[in-house]
Structures are given as structure tokens and as C-alpha cells.
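The stops below can be selected one after another.

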Amino acid sequence: MKKQEFKIPFIGYDKGSENGFPYDVLVGEQGNPILALKIKNVVEQYSADAEGYLRYHKALLNVVSTIGENHIVQKIDIFAKKIYEAEPQEEYLQQTYSDHFAGRKFKTIDTILCFTDITSLGKKKKKYVFSELKYKDLREKFDKVYLTLKEEGFNPEYLKEDDFEYYLGSMLSMNFDRKHKTYDNFKSFDTHIKIGSNFVKTISFVDVEDIKLPNEIHPYSLLGGNNATKNTAVDNFSFINTLEDYETIIYNQVIYIPDQVDRQKFLSNKKNKHEGFQNEPLNKICADEIELLLKNIVVDGQLIVDAHFSLMVCCNDLEKLEKNCSTIDNQLYKKGIITSKGAYNQLELYRSLLIGNATELKEYDLFTTTSEASLCFFFKESYPVDDISNFFLRFSDRQGVPLKVDTSDLPARTGRINNRNKFVLGPSGSGKSFLMNNIVEQYLTYNYDVVIVDTGDSYSGLSKYRNGKYIQYTEEKPITMNPFVMSKEEFNIEKLEFLGNLIFLIWQGADATLTTTQKSIIDNLLMSYYHQFFNGGKEWYAEKNNTELILYLKRYNIYEEDIVSDFEAQYTHDANYYNILGIPMDASKEDVKRAYRKLALEYHPDTAEQKTEQSVDEFFKINKAYETLSDDKRRREYDDTQLTLLENRIVERPKFNTDEFDEAFRKAIVKKIKEVEEKLFVNELSFNSFYEYAESFLPIYLSNKKYRISESEFNIRTFLYVLSDFYKGGRYGTTLNESADNSLFDETFIVFEIDNVKDNPKLFPIVTLIIMDTFIQKMRLRKDRRKALIIEEAWKAIASKLMGGYILYLYKTVRKFWGEAVVVTQELDDIIGNAVVKDSIINNSDTFLLLDQTKFIDNFDKIAQLLSLNRVEQNKIFTINNLNNKANRGRFKEFYLKRGATGEVYGNEVSLQQYLTYTTEKPEKTAIEYYVKVFDDYPKALDKFIEDMGVLKDSLPNLVSLVNLYEKPIDADVVRFYQNLKAQNKGDDVFKIIKRELKKNNATLQELINSKNQVYEKV
């Protein structure tokens, strides 16, 4: 073989540090300056955003226009592979997650944008002459390009000498590992190049014999596939992402921008020549195409360019290389591109692919088109990268390696979201609870307090692993709370709202509507109840003015005119109760009744002939006189007062607006307060004491005859009767009277499993509501910690008109305390038809997690409207679990995470240890529990269980079935028994045989094993 030196086509660098610009300039062998940027393709893979591709296209059009004539724009996309190196973790399950992905290959894309001068000037091949003026002009244009790309979000970075050397060295060695790079032999063949042990082939989009390119091309394509994904926008060459068995792929995209006047003249002359041979159809076609090209240039202001596109594939095996090249040929053929079949210029194509060396391309490697058409061939996608944040969760990207995703802090800082609340939607079996287990497990690695309200035993494994509080409601051991207990400082409007809603919920049920009258009575009942507890027996009124005291008495439905009436009676003998009824002071009880009946009939508002304000006032005076004189005790007290007044010939009344009057009137107010407080006393806070207080309070409150409250508005009998279920001795007498474990406030992870009461329409919403209030107290007290309240299907119990306000309060308030509320549901109707969900939960959740929505596809327009999902976001959602990305990965399901206005799709792929912890499959949970019971340590139990999978040499389902039959971890005896049974019954269902034997012998599996092993030993 002919040997020769491979000459590097560069002569050195012009250092920016020595010349006052922030980059270094690579100098080509002809003296041409090469300036380069590293950029990020701004369209993320599977973003489905057609507008994103168009914006990218427009940005590069600006770049090409800025660089202008007699320059080359070269874009190089390097598809390399790296090995995932997991960060060590302190926490067991997170370390198993890292181990699960460690060593997995993943793809990266590096994108370089180079600019240089055209050195081969037309057919005359004039020698390139360096010009200091043109060099300065190129640098100025380069700076403009940098600013343009920065504004468009390309994250441009200037290349310096080290960067050039890295990329040049990597391309020459076909090794993009920064740590380990060696150079090896380089052999060029007609069909490929061999670099060390790697085989390299470059596929040119231009066949020199017959250029065949599509008549039309757009900045993006559509994914196609099923109905769900067919309208999803993707890159024209997205198939590159689907290639697997390669080491490196480099996509070389080159645009020559010639002198436009010269080129237009050349094309016009060429068109005229073709038109001179109109008899030949091919000439006519060529003439028409040139005319169309020239027209587009004039109309749209486009540039004429010469373009080159080629894909270089590197594999460690020649067969793999041919297979990949065949796939690329087929994919390009579908795009209308016929690649060069006789590309024997492999070395030329390879050299032109080197960074900044597109100057070596020959005319036969180029085709003429417009700048806009050429840019449709540019690759525009990038892979997602880690969020730069101190708080992140790890999910896999769509190629199957972990990404750091910040669901809270970074989106809040950048204004992407305003709160951390989340709404999770996915049909049954889509993996909602499994995903939430993963999220909660990662939350708990931070300073999180997590409270979960669950109705499906979905978090028992994680709770055991984290030593959390797992509280189940049973009839024998019900969940008990005392929501009435609080300090004086804690009593506020929010707490009042909560307790008022709780009381009404017990009384009328979740679907009833709280009226203004009912709310006013319950609020006053609660305020007076707590006032009596906090202030009863103390002269709290001493520091209050008269106005404040009168307002206080309104809580009891006692108003100023009632106090004034009593006050005036002290000074007006003519208006005493005997005079009002027209009877003497020694009148009998019967006389009192007869007088009252007669006057009541005359003055009652419903029977009086003429109803006036005076007649109404008169009636209430009559009523008050009767109530006092018909009660023996009250009459004696009243008589004593009247006798004193008579003996003293009636004390002269103080003058109005004097200190004496104010003091006398204040005494009347205080007297009324004392009368009330003597009848009402609270010695402890509980539902029991509240119930007893209500029995005394409500008759006082409802007895005001002027502001009459009818039974239809508030029926005291039914109120007390219904509430008695929760009073001592009632069916639920302990539910609201026994304080919860005080340690709950210090627990970081609490699961309330209330599946056993989910069908109890009375108890379910109450228990759920109380748990939520427990979280709110925790939220307020644990100020230095993040908090999350996760409500699974239990949220339905409180999604009523009554509770709408409370949920809204929770959702709006939790963000102020470094917290979030998460609602998880699977029913489509839940979100479409429920006003509470829409107004409270969805409108106050800035983050949505949607799992596979295929089941909802026919009704998804309603969901999309409710969740403000535009067509682009919908297209992303319907790629969930619909891509061909399952090779070389563990089991996983994808989900859509929308933070603010836009979202991304991630994979929920976990380690086997995490799967066994999160599983909601009852047999698997039971099998793990047998191991935990024996080893008394969750991580040890998981490790032993997985180790036993290897010992058994069988699948996870079979190990689970065997453990559950054995009712303890497997050992050598059961393994030998099982393997012998399988060997004797090949192809049969071994577990059916075992169950049949157990039933036949009425034995346990241990007894059956002992008997069988004895037989084996004899044999």
C-alpha cells in the first residue's frame, strides 16, 4: 500500500488574547481565517414545536445574511456516545438508582458553527490572497452573529485554541473522550477509511453522476406513525437519533456564499443556453428551474448558495458500518435524496469534514440552491440536559439516562411557575402511584415533610423503607384527631373557616350549600366558644370600650336596643313590666298569661291590623315582660329591683352624653355579659365540650324575637341530633375527641391510609378534612422545612361546593410556607365536570403531570382546554410510550411534566430495588414483607430478595409466587424442591401442581417439601 503523510490543513492560530478579541482564530493552510462557535441546537428532541424549527431556520437565515458573500458557513453536528457515570449517593435506594444506570451508553450532540473565506474562487482558480481589511470585516460580522445567536437562545461559546485542538484531535482519532485520546494508523480505501480499529464512511447527499434532491423541502417534518403522533413536528433528519450501533456520526453541513452578481450572471447565461435547445425536454426543465431560482432570489431576497451535506459514520465493525449506511440511505431515499453510490473520494469528504476545512470541497460535491432551501437541510435538534439547580429530581430522558429535573426552585426563580402545586392525571394502570412513589422517595432525600392521604395502600413499601408513620383507619383503631385544640395565637380566620366547614359537613353532608344565616350562626357559635375558653372567668371586658362590648354581645344575637331597653327600665316606672301587661304586682301566674295572650294577639306582627315599627317594638316589650314575669326566679329578681326603685322614689336618670350616663350604661352592658357568661362555660377544647356549649348557646342565640331565625333556616333539634354521632357515646365518639399522636408534627413522612372508610359518606370527607388540617398546622409550625401534601383519590371526598373554599385556601396558602399540594386522579369526568377541581385545584396548580392519555384521546380536547394545552403540548403528550426507545432499557413508563406554559416528556425508569419498594402489586408487596419480617431491615431484605432471584434462577413473578406459598424467605430446601419439580414437569405450570399437592395432602409447603426431599434423598 502506498504510504504518505496525512497533512493537517492548518498552519496555526491568531491568538485573541494578543489582539483584543475573546476567541482564537484558526488559520487555514492558505492563510484563510477560521472563526468558530460552539452552540446548542435550540429545538429540543421531541419538543413537537413546529414554531421552534421555524425560529431556528429564521435565526440561521440571519446568520447567513450577516456573514454574506465570499464566505463559507460550516455547521458540524457530532453525534458521539458516552458512558453514564453515576454520582455516588448516601441514601440506599438512590444509590441503587445510580447503579442501575451506571455504564449505560448515551448519545450526545456537539454543534460547531464555523466561518471562513472561500479560497477557491470560481473556475479560474485564482489564488486566495489574505486581506487584513476582509479579516477585520469577518470578525465584525462574527461578533454580530454571536449576539444574534445569544438573543435566540443558542448559548454560543467562542472557540479557543484548546477547543479547536480537542475537536480536530477527536475527528482525526474518531475518539471524543476528553480523558483518553490516542492516534492510530490511518488507511484510506475507495469505499471507506480505517482509523485504528474503527471503520469510517462518509455518505454524500450529492451523487456526482445524477443529482437527485427533493423538489420541496421544509424546515421540519412530521413524525408520522399512529393517530396520536402523526402531527408531531421533528427534524428532517431525526432518523439520526434512532441509529444505535455506531461509535460516532458527524453531520457536515456547508454553505458557500458566492459573489451574488457574478453568480446571477452565470445562471442567466446558463438558462439562455438551455433555452437555445428547447426541443430537448431536459433542457427546458433545467431552464425552468433556473428561472424559478432567479425569481425566488428577486422576490424573497434570498441568496444563491452552493451547498454540501454529508454524513460520516464511524463503527468498530465493518458489518455494522454497512448496516448503518444502508439504513441512512433508505431514510434519505424517503426524503427524496439519492446518495452518491460511487463516493470514491472518501478521503476528500473526510478532510472537508474537519473543523473549518470545508474549503477543500470540490465542485462536484456541491449543488446550487437558495439560502432558505439549503438551511432546511441543517440539523436543528439537541438532547435535553440537566437543570442547573441545587434541588432536582432524577428521571430518565427519552434515550434512557438520568436527567436532573428541577420541579420547584428553578422554575419559580425564572418565572416559569408561580407556585409548586401539582395536578397528576392518568388512567388506571398508567403508573401514577408508581411515579408518585419515585417523586416522594426523592423528596425525602431533601428537607421535606411529606403527608399523603391514600386510599389504595400504594405507599406502604416506601413507608416501611423510610420508617415513616403509616396510619390506617380501622373500626377497632380509628384515626382520631382533636381539631378543636389550639392556642389562642393559632385561632384565626382560616381556622374558623375550617371548623365551620367541618361542623356543617357533619350536619348537612358534603353536597349541601352553606347559607349565609347558617354560616353566621356557626361562626358566632365558634367565636363565642373559644372566647369563653380563652377568657371565661376573667374580667377581659375591663379594657374594652362600650362599642367593642356591644359588638361582642352580637355573637349571642343580643343587640344594643336590648341593652337600652333594660337600661331604660331602671328609670321609667311607667314602663315597668306590670304596667306594660296592665296587671298589678301581686297578679297571679294565670293573670300574667291571660294579659299576655290578649296583648300578643293585638300587637303580634302577624295578626295586628296595622303593622308599624311602633307596634313591632310594643310587641317585643310585651313579650319581654311576659318572659320575665312568667318565670318565678326572674320575677322575684325583677320585683326586688322595682321595690328598690319605688322605695327610693326612682333614682334620677343621668343626663345623656355625660360621664355618669356612660358609666351607668356600661354597667348595664357588663351586667348582660355576666348573665350570658354565667350560663356558658368551657373547661376544655374538644368536640364534646363544643357540643355541650352549643346546647347552651343556641337557645340564647335563637331567642332574640326581633331578629327571628326560623326553624327552616336553622333547626337546632336536627343540628344537635346529627352532631350527637360524634359526641361521647355516639358511633364516632372518639373521632374528634382524642388528640392525634403529638409526634406526628416531628415526622417527616406520614401516610394516612383511609381505604377502609372511603365508602362511608359521612366519615370519609370528615377524616380527610381533618388530616388536611393536620397538614396545615404542620405547615405553619415547621417553617424551616419544605412540605408536600399529596392527596390521591381521597380528594373526591372534599371536592364539594362546601369544601371548595377550603381547598382554594389550602392551594393559595401552602406556597407561602415553602410547600405544595398535589392532587392525583385517574377519572376523566373528575376534572371535566367538577367546578371545585377547575376553580381551586387546576387554576392554582402551575405544574401538571400527565401519564399515558391514549384512553382519553377521543375526549382530549376537553382536557386540553381545561389544562391550557396548546397543540404543540398535546403532540408531546401523545408521544408518551409511543416511541421506539425501549431497547437496552429496564421497564419504564413515560410521563409528561408541564411546568408553567410548556412541558417535557420523561421516563420513570428505576432500579429493581426501587421497583420492589414502590410496587402496588399485592403479591409482590406481600413477598417483600416476608423478607422484611425476617431481616428487620428494609435494604437488607431487598438485597436478599434480589440475591435469591439469582439463586432460584427464575423470574421475579415465580419467586414472588414461591415466597408467598412458602410464607417466608426461600432457602436451599425450597430451591431444590422447586427445581426438581420443574425438571420433572417441563412445560407445565409448576405452581398449579404445587397448589394441587397442597390441597390433596392438606399440608403446608414446608411439610410438602420435607416429604418430597426425603424421597429425593432415598433416590
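The tour starts with the whole chain and then goes to single residues and pairs.

This is a predicted model, in which local features need pLDDT of at least 70 and side-chain atom pairs count only at pLDDT 80 or more, while totals for chains, interfaces and linings use all residues. Residues are numbered from 1 along each chain as its sequence is written, and side-chain values use heavy atoms, with hydrogens and water left out.

**Whole chain**

Show the chain as a cartoon: there are 38 helices and 27 strands. Helices (H or I, at least four residues) and strands (E, at least two) are DSSP runs, numbered from the N terminus. Of the 1019 residues, 53% are buried. Buried means under 20% relative accessible area, exposed means over 50%, and partly exposed is in between, with a 1.4 Å probe and protein chains only.

The structure holds 40 salt bridges. A salt bridge is a side-chain nitrogen of Lys or Arg within 4 Å of a carboxyl oxygen of Asp or Glu. Select Arg 782 and Asp 449, whose side chains form a salt bridge at 2.7 Å, N to O. The two residues are 333 residues apart: Arg 782 is in the loop between α26 (763-781) and β23 (786-791), and Asp 449 is in strand β20. Are these residues buried or exposed? Arg 782 counts as buried because its relative accessibility is 16%, and Asp 449 counts as buried at 0%.

Next select Asp 948 and Lys 944, which meet in a salt bridge of 3.5 Å, N to O. Both lie in helix α34 (residues 938-952), 4 residues apart, about one turn of the helix. Asp 948 is buried at 3% relative accessibility, whereas Lys 944 is partly exposed at 25%.

Then select Asp 954 and Lys 982, whose side chains form a salt bridge at 2.9 Å, N to O. This pair links distant parts of the chain, 28 residues apart: Asp 954 is in the loop between α34 and α35 (956-966), and Lys 982 is in helix α36 (residues 972-984). Asp 954 is buried at 18% relative accessibility; Lys 982, at 32%, is partly exposed.

**A buried tyrosine**

Go to Tyr 541, in the loop between α16 (516-535) and α17 (546-554). With a relative accessible area of 10%, Tyr 541 is buried. Which residues does Tyr 541 touch, not counting residues up to four places away in sequence? They are Leu 549, Arg 666, Val 670, Ile 673 and Lys 674, where contact means heavy atoms within 4.5 Å.

**A buried asparagine**

Select Asn 357, in the loop between α10 (346-353) and β15 (367-370). Asn 357 counts as buried because its relative accessibility is 3%. Leaving aside neighbours within four places in sequence, Asn 357 is in contact with residues including Pro 9, Phe 10 and Gln 74.

**Two backbone angles**

Last, select Asp 457, in the loop between β20 (448-454) and α14 (460-466). Phi of Asp 457 is near 60°, a positive value in a residue other than glycine. Asn 881 also has phi near 60°, and is found in the loop between α31 (871-877) and β26 (892-899). Asn 881 is partly exposed, at 23% relative accessibility.
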